[in-house]
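Please open the structure in a viewer and keep the selection tool at hand.

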Amino acid sequence: ISKFPDIFLIVKPHTRGMKFNKTFSSNVKIVDNEFHSPLLINWADVVLFTMTSVIFDCLIKDKPALYMKNTHSNKLLSENYFNTWEVRCRDDLRNFIWELKQNKQYRTYSKKDRDIYCKKMIGPHDIDVLGQYNSFLISLL
């Protein structure tokens, strides 16, 4: 990613102590928990993620997001709603980045899918949020 023209990359490792012991090029910055994820999301043109709930902020703020699907072995709940933001290989990542560089309005998900997901997963309308979430999880079985 750092080899793309006019790209500045900020990497925030997992909050549970993940660290990098490598030197990166000058357009890559590794940050720690002093940099709050919502502030980084506000700054970013696109957010790449694996397994994190901070992706909710991207959806709420209508920021482009890319799900690095093959970087872990679990299935995310969001995969039941989105598959258009999945990055499965280096070429997928390159294609998304070129698209986003050419069109800042490009989104990796549809507004309809985003609205459904936000309504069901982020802001449920029922007062009994825990009960509603429990019912939802049981319905997936």
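Begin by selecting the cysteines: a search of the whole structure finds 0 disulfides, a disulfide being a pair of cysteine sulfur atoms within 2.5 Å. Cys 118 is in no disulfide, and its nearest cysteine sulfur, that of Cys 58, is 11 Å away. Cys 118 counts as buried because its relative accessibility is 14%; buried denotes under 20% relative accessible area, exposed over 50%, and partly exposed the range in between, with a 1.4 Å probe and protein chains only. Cys 89, at a relative accessible area of 38%, is therefore partly exposed.

The model is a predicted one, in which local features need pLDDT of at least 70 and side-chain atom pairs count only at pLDDT 80 or more, while totals for chains, interfaces and linings use all residues. Residues are numbered from 1 along each chain as its sequence is written, and side-chain values use heavy atoms, with hydrogens and water left out.

Next, display the whole chain as a cartoon. The protein has 5 helices and 5 strands; these are DSSP runs numbered from the N terminus, helices being H or I of at least four residues and strands E of at least two. Followed from the N terminus, the elements run β-β-α-β-α-β-β-α-α-α. Along the principal axes, the C-alpha atoms fill a box of roughly 50 × 35 × 30 Å. Of the 141 residues, 29% count as buried.

Now select helix α3, residues 90-102. Its 13 residues should span 18 Å at 1.5 Å a residue, and the end C-alpha atoms are 19 Å apart, which agrees; the expected span is 1.5 Å times one less than the number of residues. Which residues of α3 are buried? They are Leu 93, Phe 96, Ile 97 and Leu 100. These residues lie on the same side of α3, because they cover an arc of only 100° around the axis, the arc being that of the directions from the helix axis to the C-beta atoms. An α-helix has 3.6 residues a turn, so residues three or four places apart point the same way.

Move to Ile 30, in strand β2 (residues 28-30). Ile 30 counts as partly exposed because its relative accessibility is 33%.

Most residues other than glycine have a negative phi, and most peptide bonds are trans. Asp 6, in the segment before β1 (9-11), has a positive phi near 55°. Asp 6 is exposed, with a relative accessible area of 78%. Asp 62, in the loop between α2 (55-60) and β4 (65-68), also has a positive phi, near 55°. Asp 62 is partly exposed, at 28% relative accessible area.

Finally, select Leu 76, in the loop between β4 and β5 (86-87). Buried or exposed, which describes Leu 76? At 17% relative accessibility, Leu 76 counts as buried. Leu 76 and Thr 50 are 26 residues apart in sequence, and their C-alpha atoms are 9.0 Å apart in space.
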